[in-house]
Amino acid sequence: MDCVANAGLSTEDPAKFGGQLIWRVPTPRPIAARIAIAGDFLPGGRLVPPPGADWSGPAARLAAYFADIDTTFLNLEAAVDAGDLQPRTLGGLGDIVSAPVQAVEYLRAIRSQAVGIANNHTYDFGSRGVARTRAAIERYGMVGVGGDSHASERPDVFLWQGPGSLRVGLWAAAKASSDLATRGRRGVEPANLARGREALEEIKRRGARFCIALLHVGTMRASRPDPEDFRLMNSLAQAGFDLVTASHSHRIAGYKQLERDGNRDAFCFFGLGSLVSGYVNAPLEREGLIVVAALDEEGELVALEVRPVLLDGSGFGTVPAEAEHEMIVGRFQRLSVEIEDGSYEQEFYREVSRGLGRLYARDLRAAFRADGLRGLARKAGRVRMRHVKRLLHRVAV
């Protein structure tokens, strides 16, 4: 689906609204539009608006960050309007995540026109839950992307029309999900290089000048990317995506700038954390990043910045005070240095190995309590080589 915007030209400083400048074109050019890309919007758990307020009210806490934004893309990590639908049986640790229809008001308040729905909670209420989620999003004039695909079909993509010839293409896909689409079943849009190339072909065929991949990849409890995810994101950037972002760990990570032919570099952000979350299990999960891409009328990148977010006690994102702002930006910069020098890989295995055995044991116990031997069998079937590698690295580190 395509969406048209009426954005005006601007020459304002792209870092004016509290962001940290990442990159700027050597010769300044007028800015036609600013696109915001955020991490997870997880309106579940105990997350509710304050008494007497609707869901758009808490969005005002980030109003300063979205005042200059033309459209926002992020990951909606919850089934919406599930109502009386029966949730699926959990295969281990985790939660079934759902939200009322009114939660979508928050997304409209921050100028979302398309949201990614490719994640590990997309099918918490089965295919009927996916249909209701998409319908709820459309009720508010937005489009859900990546939550209902089939491997034999063209990838689900979104085109945003800016001023002039500016068109921005969005592909939302997941790797951190057990519900990936195959040739035998519908499911979440799978994040892999072959599928990414198909998505690029489709959005460029439809006139996209700037291409964004919104991926649900990463590892819980980790502030660094899994090396396997790192290689995937780099491959997608080299294939033609201008901006590749990741969410799932609920923590921020670093970024990398990649040189490409044609004097048009690409950027990978390996963890954007959360914008809103009703499930915060550690202090680092209160930090988030909003990436802002400033584009000219031809779809060329003029400037790139990050705007730090701090989740308050209720779980809603806020503009952090100066000390917290510097802390989040400083952590982002240090993690980016690790990406650049390659030390992130060793640090990733150190990070995920802490308590790994206890975590897997808890996961197996939860699977058994939920569905007995069948639950254990399903859990065993989901063990992937990357999990084995982590256990082996735990022994070596």
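Leaving aside neighbours within four places in sequence, which residues is Gly-18 in contact with?

1. Gly-18. The model discussed here is predicted. In it, Gly-18 is in contact with Tyr-65, Pro-308 and His-325, once neighbours within four places in sequence are set aside. Gly-18 sits in the loop between β1 (2-4) and β2 (20-24). With a relative accessible area of 29%, Gly-18 is partly exposed. The separation of Gly-18 from Glu-322 is 304 residues in sequence, while the C-alpha to C-alpha distance is 9.8 Å.

2. The chain as a whole. The chain comprises 397 residues, of which 57% count as buried. Its secondary structure consists of 9 helices and 18 strands.

3. Geometry of α4 and α5. Two packed helices are described by the angle between their axes and the distance between the axes. For helix α4 (residues 193-205) and helix α5 (residues 227-239), the angle is about 30° and the axes are 10 Å apart. Because angles under 35 degrees count as roughly parallel, α4 is roughly parallel to α5. The crossing of α4 and α5 is right-handed.

4. Residues between α4 and α5. On the α4 side, the residues that meet α5 are Leu-193, Gly-196, Arg-197 and Leu-200. Their counterparts in α5 are Leu-232, Ser-235, Leu-236 and Ala-239. Sorted by class, this contact has 5 nonpolar, 2 polar and 1 charged residues.

5. Glu-305. Strand β17 (residues 301-311) holds Glu-305. Is Glu-305 buried or exposed? Its relative accessibility is 1%, so Glu-305 counts as buried. The side chain of Glu-305 makes a polar contact of 3.1 Å with the side chain of Arg-307. Glu-305 and Arg-24 are 281 residues apart in sequence, yet their C-alpha atoms are 8.8 Å apart in space.

6. Ser-274. This residue belongs to strand β15 (residues 274-277). Ser-274 has a relative accessible area of 2% and is therefore buried. Its side chain joins that of His-250 in a polar contact of 3.3 Å. Not counting residues up to four places away in sequence, Ser-274 touches Asp-40, His-250, Glu-287, Gly-288, Val-309 and Leu-311.

7. Asp-124. The loop between β7 (114-116) and α3 (126-139) contains Asp-124. A relative accessible area of 2% makes Asp-124 buried. What is the distance of the polar contact that joins the side chains of Asp-124 and His-121? The value is 2.8 Å. Apart from residues up to four places away in sequence, Asp-124 touches Pro-87, Arg-88, Asp-95, Ile-96 and Val-97.

8. His-150. The loop between β8 (143-145) and β9 (157-161) is the place of His-150. At 14% relative accessibility, His-150 is under the 20% cut-off and so counts as buried. The side chain of His-150 reaches the backbone oxygen of Arg-183 at 3.4 Å. In sequence His-150 and Arg-183 are 33 residues apart, and from C-alpha to C-alpha they are 6.3 Å apart. With neighbours within four places in sequence left aside, the contacts of His-150 are Ala-181, Thr-182, Arg-183, Gly-184, Arg-185, Arg-186 and Arg-195.

9. Asp-81. Phi of Asp-81 is positive, near 65°, and the residue is not a glycine. Asp-81 is located in the loop between β5 (79-80) and β6 (98-99). Asp-81 counts as partly exposed, at 26% relative accessibility.

10. His-248. Here too phi is positive in a residue that is not a glycine, at about 155°. Where is His-248 placed? His-248 is in the loop between β12 (243-247) and β13 (255-258). With a relative accessible area of 10%, His-248 is buried, whereas Asp-81 is partly exposed.

Definitions and conventions:
Residues numbered from 1 in each chain as written. Predicted model: local features only at pLDDT ≥ 70, side-chain atom pairs only at ≥ 80, totals over all residues. Heavy atoms only, no water. Axes fitted to C-alpha atoms, helices over the stretch in contact; angles between N-to-C directions. Helix = DSSP H or I, 4+ residues; strand = E, 2+ residues; numbered from the N terminus. Parallel < 35°, antiparallel > 145°, perpendicular 65-115°, else oblique. Left-handed = near helix turned anticlockwise from the far one by under 90°. Contact = heavy atoms within 4.5 Å. Nonpolar A, V, L, I, M, F, W, Y, C, P; charged D, E, K, R; others polar. Buried < 20%, exposed > 50% of the residue type's maximum accessible area, 1.4 Å probe, protein only. Polar contact = N/O pair within 3.5 Å; in protein donor to acceptor, adjacent residues only side chain to side chain.
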